[in-house]
Amino acid sequence: MKTFESILALVEMELRRLKHDPIEIITRAIQPILWVTVFGIVMAHRVALGVQDYISFIAPGVVFQSATFMALAYGIMMVFERESGVLKKLLSSPIPRVNIVIGRSLAGAVRASTQYIIVLASAALVGAKFTSNPLLLIASYIIVIYVCTGFTAISILAASLMKTRERFMGIVGAISMPLFFASNALYPIDIMPEALKVFALLNPLTYAVDILRKLVLYNELDVLIDLLALTIFNIISLAIAVKELNKIIE
Amino acid sequence: MFAIEVRDLVKVYSGGVVALNGVNLVVDEGVSHAILGPNGAGKTTLIRIITTQIKPTKGSVKVFGFDIMSQGGRVRGLIGYVPQEMSLWTELTGYENALIYAKIYGIESSKRAEVIEDVLEFMGLKEVEKRLVKTYSGGMIRRLEIAIALMCRPKLLILDEPTIGLDPRARMLVWERLLAYKKEFGSTIFFATHYMDEADKYADKVSLIDRGRIVAEGTSSELKKIYGVDKIVLRVVGDMEKARKVLQEFGFDVSISNNGEVSMAVKDPAIMLPKVIEGLYSMGIAVLEARVVEASLDDVFIKLTGKGISEEEERELIRDILSTRRMIRRGG
């Protein structure tokens with residue numbers, strides 16, 4: 001119980017920060033809103049991707065594009081905390097290091113998951129159709145947090161290895177866009193060239209988008225393989241982030 | 001048992017920098033113990049090893065008998081620690097910072113509100129607890145950090161440069177509270193500082209550190225007695241060179257400073273001063289002004305290492321810290 005409490009304390013810290021300063025949520029929302037509205041609407045009339053309703057189709061993809069980008073950027077806070085004394089204080093407190101990583105990953109994920117609401121709402125405004133089952137909508141929200149936990153762990157790992165703000169932002173930029181385009185976020189995997197297909201199948205974002213589509217678009221519950229893939233991704237990224245955390249202060 | 005026991009501690013950073021080069025140190029339970037030395041002497045590295053943040057290259061450290069390597073968890077449960085840099089979330093209020101740390105430190109929910117209330121009251125922060133930390137002054141930030149470190153009633157409080165960059169009034173306030181806590185709970189305080197007067201005033205025992213080695217240890221008055229020298233400083237009428245000659249004949253090591261002051265090291269200045277004045281007078285030299293300068297820890301340090309803790313270096317260090325603080329407050 002105590003173990004759990006320290007993890008939740010870090011999530012609570014994040015929620016309180018968010019309450020005092022919600023600006024990031026709004027600025028981060030601008031880009032995805034443009035994706036689903038402008039891009040979605042324009043593309044819906046221009047191309048035939050074998051998809052019936054393009055705005056609904058890309059909405060889950062844009063949710064994850066935006067949320068994973070926020071998750072991947074979360075590590076900048078660790079870079080700041082490395083320069084300030086917060087990390088030193090946490091590392092010398094009774095909280096186990098693994099909890100620091102899990103707690104902060106979850107905290108970053110909760111912060112990033114706000115994009116789910118914003119993107120779905122703005123897509124719905126321009127005509128996207130989603131499930132009306134509240135349980136599926138809630139389950140999807142939890143899935144978004146779950147997926148972003150792994151991506152935040154990657155971000156914490158990047159912070160441990162990069163150490164300076166410039167290098168950190170560089171690596172985040174280098175990861176996030178390719179991740180988005182080499183996934184099924186904007187187009188179905190079937191129409192991809194073979195090489196890209198291989199990459200998309202190794203891309204955790206593909207499985208995340210797939211789950212979300214199944215749940216909120218198609219009312220499907222056949223998500224076991226996706227969940228398995230994402231769990232493997234989460235375990236690996238958390239494990240490496242924990243292992244490398246020591247490097248952040250050396 | 002010692003509060004801290006450091007044996008043959010060596011720390012070599014990955015770049016090959018030797019930060020600690022065979023440190024031996026014991027801190028008795030219930031005392032206030034300072035580690036004093038210039039910037040880069042190894043103080044922070046020593047503290048980071050004791051607080052289990054980084055691993056030593058060689059040697060051992062025990063905190064109340066627990067080994068920092070094999071029993072790190074036990075050690076972390078006993079210490080309250082305030083790093084040199086700010087360890088707060090500036091976008092949260094003072095109260096929220098205390099609340100989050102109370103949860104991280106596992107303070108039971110039934111006691112939490114009371115504990116937080118107590119420490120904030122104790123450190124004089126009750127009125128500002130609802131303000132965001134980014135609006136706090138340097139002194140308030142330090143007091144909040146100490147309040148947070150006190151929440152779990154640590155047996156050992158470890159402070160890295162606790163008053164760096166604070167004005168004298170804020171420094172005094174911080175120390176008054178720290179010593180009150182120590183008195184009330186019989187806790188041990190181990191702190192790093194480069195302020196001579198801070199070590200002099202607030203530490204029962206002082207260890208001087210230079211280039212990764214402890215160069216001397218003792219109470220401040222012991223150190224001054226062994227290594228320090230008191231001085232007599234005079235201003236004479238007329239020929240200074242003649243005064244110098246006379247005093248040299250008396251057997252003193254005399255120096256004349258640029259502003260025309262004649263100074264010499266003596267063992268018992270209070271007894272020697274009248275004799276010196278008399279001796280000079282008998283040779284026809286009148287003394288205009290005389291004062292005794294007592295030995296300081298700075299003298300001790302100079303005697304032991306051949307250098308003082310440079311003012312310039314200190315100003316630079318403070319500038320760095322203040323600019324980091326500002327940057328953090330702005331959120332980068």
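The side chains of B:Glu91 and A:Arg17 form a salt bridge with an N to O distance of 3.3 Å, where a salt bridge denotes a side-chain nitrogen of Lys or Arg within 4 Å of a carboxyl oxygen of Asp or Glu. This pair crosses between chains: B:Glu91 lies in the loop between strand 6 (79-82) and helix 3 (94-104) of chain B, and A:Arg17 lies in helix 1 (residues 2-20) of chain A. Helices (H or I, at least four residues) and strands (E, at least two) are DSSP runs, numbered from the N terminus.

The model is predicted, with local features requiring pLDDT of at least 70 and side-chain atom pairs counted only at pLDDT 80 or more, while totals for chains, interfaces and linings use all residues. Residues are numbered from 1 along each chain as its sequence is written, chains are lettered from A and ligands numbered from 1 in the order in which they are written, and side-chain values use heavy atoms, without hydrogens and water.

Across the interface of chain B and chain A there are 5 salt bridges, and the count over all chains comes to 32. Another salt bridge joins the side chains of B:Arg112 and A:Glu5, at 2.7 Å from N to O. The area buried between chain B and chain A (the accessible area, with a 1.4 Å probe, that two parts lose on being put together, summed over both) is about 3100 Å², and carbon and sulfur atoms give 58% of this area.

Within chain B, helix 4 (residues 109-122) packs against helix 5 (residues 138-150) at an angle of about 140 degrees, with the axes 9 Å apart. Axes are lines fitted to C-alpha atoms, for helices over the stretch in contact, and angles run from 0 to 180 degrees between N-to-C directions. Helix 4 of chain B is therefore oblique to helix 5 of chain B; angles under 35 degrees count as roughly parallel, over 145 as roughly antiparallel, 65 to 115 as roughly perpendicular and the rest as oblique. The contact (heavy atoms within 4.5 Å) involves B:Val119, B:Leu120 and B:Phe122 of helix 4 and B:Leu144, B:Ala147 and B:Leu150 of helix 5.
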